[in-house]
Amino acid sequence: MVGESLKDRVRSFDHHDQSVVPTIHTLLAELRQGCPVARSEAYDGFYVVSRQDDIVTVAKDGETFSAAVQGLGAVAMVPDAETTRAPLFESDPPVHTGWRNVLQGFFARPAVRAHEQFIREVTDQVIDEVAPRGRCEVVGDIAARIPSVVIAEVMGVPRHRQQELARLARDLVAPASVQDAHRAGAGLVEFLRGEIAERRDREDTGGDVLTAVVHAEVDGRRATDAELLKYAFLMVSAGFLTTVDTISSLMLQLAEDPATRRRVVADRTLVPALIEEIVRHESAVAATGRTVLAETTLGGVDLHPGDRLLLAWGSGTRDERYVDDPATFRLDRQQRGRDLGWGSGVHRCLGMHLARLELGIVFDKVLTAMPEFEVEPGTVPERTYGVLRGVRHLNLRWS
Ligand code: HEM
């Protein structure tokens with residue numbers, strides 16, 4: 001009976017519908033326990049995959065499961081999104097390997113370290129301006145202002161146009177509805193279209209993560225304009241929105257968990273553990289899709305070509321089979337699977353070193369400039385869920 005009612009409830013599950021937010025972790029825990037590959041009828045039907053083992057199985061098998069999936073993501077604002085496959089993000093091996101090779105060097109540790117000074121300057125500027133105020137709305141005043149400029153730099157947007165991209169990208173943060181997301185996305189699409197066109201005519205063919213993809217030949221050809229646009233849009237989302245959400249989620253965690261905050265204020269060597277634990281506890285990439293390519297079985301469920309899956313990364317990181325006391329935020333974790341929040345298999349996060357560097361700089365600075373903060377009394381922080389997990393509003397005050 002219990003199993004039946006869980007199946008019934010999940011049948012209407014829509015990860016983009018914000019009414020799922022308050023109970024999402026309870027629902028995912030129930031699914032891990034009683035219905036690990038669960039059918040939803042939303043968006044013409046898909047399966048929610050919630051256990052760590054099943055998520056890893058799918059992520060590591062690019063022959064049976066394709067990363068190209070329609071209708072479950074949030075890129076509908078990109079023209080021809082439904083008929084276009086984004087280089088890298090939506091490609092499968094061996095083509096994916098070609099794209100990964102084109103981009104790997106930009107995200108390796110030494111290349112990322114070259115951005116360190118720039119990230120420090122942007123972070124200092126934002127936090128030095130906000131800290132004396134004694135209160136702020138974290139998402140708009142801190143979280144969205146730093147990664148927006150960093151992703152513009154990594155994409156090779158000239159410095160005088162970085163604030164424009166940053167502003168357009170910030171409009172994408174935590175939209176209240178799919179319609180709002182579409183409106184915000186349209187401006188960004190136009191900006192990126194211009195950046196791509198400008199790069200087509202360049203002599204220099206590989207200085208940044210956009211130029212390199214514009215000029216690369218993979219699988220015997222160059223990417224089309226529509227493919228480049230989807231790629232660029234996804235790169236901004238992957239590099240920017242994820243970091244905004246992680247900063248906001250961690251600020252909320254630290255505001256509500258003064259013991260952990262004071263521990264890290266006193267011992268900065270714990271900052272990397274703090275970052276790994278927030279990526280486990282509230283993985284900013286909450287759930288991404290796959291399409292089944294061949295007959296197979298997963299978690300006892302028969303799957304057929306064309307079936308779509310939603311890999312709930314933020315559920316795999318809380319799988320009680322591998323992670324002790326998964327709902328608790330703890331700095332001392334060593335267990336298997338605690339890093340699943342960065343993904344698994346060939347699509348595992350390419351920007352991981354950049355994200356770690358950026359988040360480390362931001363939290364080192366925040367904990368120096370405003371070590372004591374709390375949620376503003378009388379306000380209620382609002383979380384989000386969807387492809388991404390984060391925070392819509394977070395009012396803090398500090399002494
Ligand atoms: C804390 C922040 C971040 C988290 C939690 C995160 C998480 C993830 C996850 C789970 C995936 C795999 C998705 C899938 O397989 O469907 C992924 C892929 C990816 N991430 Fe991140 N990410 C973060 C930050 C970044 C940043 C800052 C960048 C770049 C500037 C980035 C670039 C990418 C790219 C390019 C991919 C696709 C790789 C591929 O398809 O081969 N990410 N990320």
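This is a predicted model: local features need pLDDT of at least 70, side-chain atom pairs count only at pLDDT 80 or more; totals for chains, interfaces and linings use all residues.
**Ligand shell.** I started with the ligand: 26 residues lie around it, and Gly239, Thr288, Gly343, Cys349 and Gly351 come nearest. I counted a residue as near if its C-beta atom, placed from the backbone, lies within 6 Å. Helix 8 (147-154), helix 12 (225-256) and helix 16 (352-369) are the elements that give two or more residues to this shell. Helices here are DSSP runs (H or I, at least four residues), strands are E runs of at least two, and both are numbered from the N terminus.

Residues are numbered from 1 along each chain as its sequence is written.

Which helix gives the most to the shell? I found that helix 12 does, with five residues. I sorted the shell by class and got 15 nonpolar, 10 polar and one charged. My classes: Ala, Val, Leu, Ile, Met, Phe, Trp, Tyr, Cys and Pro are nonpolar, Asp, Glu, Lys and Arg are charged, and the others, Gly among them, are polar.

**Helix 8 on helix 12.** I looked up their axes, which come within 9 Å and cross at roughly 155°. Axes are lines fitted to C-alpha atoms, for helices over the stretch in contact, and angles run from 0 to 180 degrees between N-to-C directions. The two helices are therefore roughly antiparallel (the label for angles over 145 degrees). I listed the contact: Pro147, Ser148, Ile151 and Val154 of helix 8 with Val236, Gly239, Phe240, Thr243 and Val244 of helix 12. Contact means C-beta atoms, placed from the backbone, within 7 Å. These residues split into six nonpolar, three polar and no charged.

**Helix 12 on helix 16.** I got an angle of about 40° here, with the axes 11 Å apart. Thr242, Thr243, Thr246, Ile247 and Leu250 of helix 12 meet Ala355, Glu358, Leu359, Val362 and Phe363 of helix 16. By class that makes six nonpolar, three polar and one charged.

I then found an open sheet of three strands, order 4-12-9, paired antiparallel; pairing takes at least two DSSP bridges between two strands. Strand 4 (135-137) and strand 9 (373-375) each have a single partner strand, so one side of each is left without a neighbour in the sheet. Three bridges join strand 9 to strand 12 (residues 395-398), and Glu374 stands opposite Arg397.

Technical notes: Angles under 35 degrees count as roughly parallel, over 145 as roughly antiparallel, 65 to 115 as roughly perpendicular and the rest as oblique. Two residues are in contact if their C-beta atoms, placed from the backbone, lie within 7 Å.
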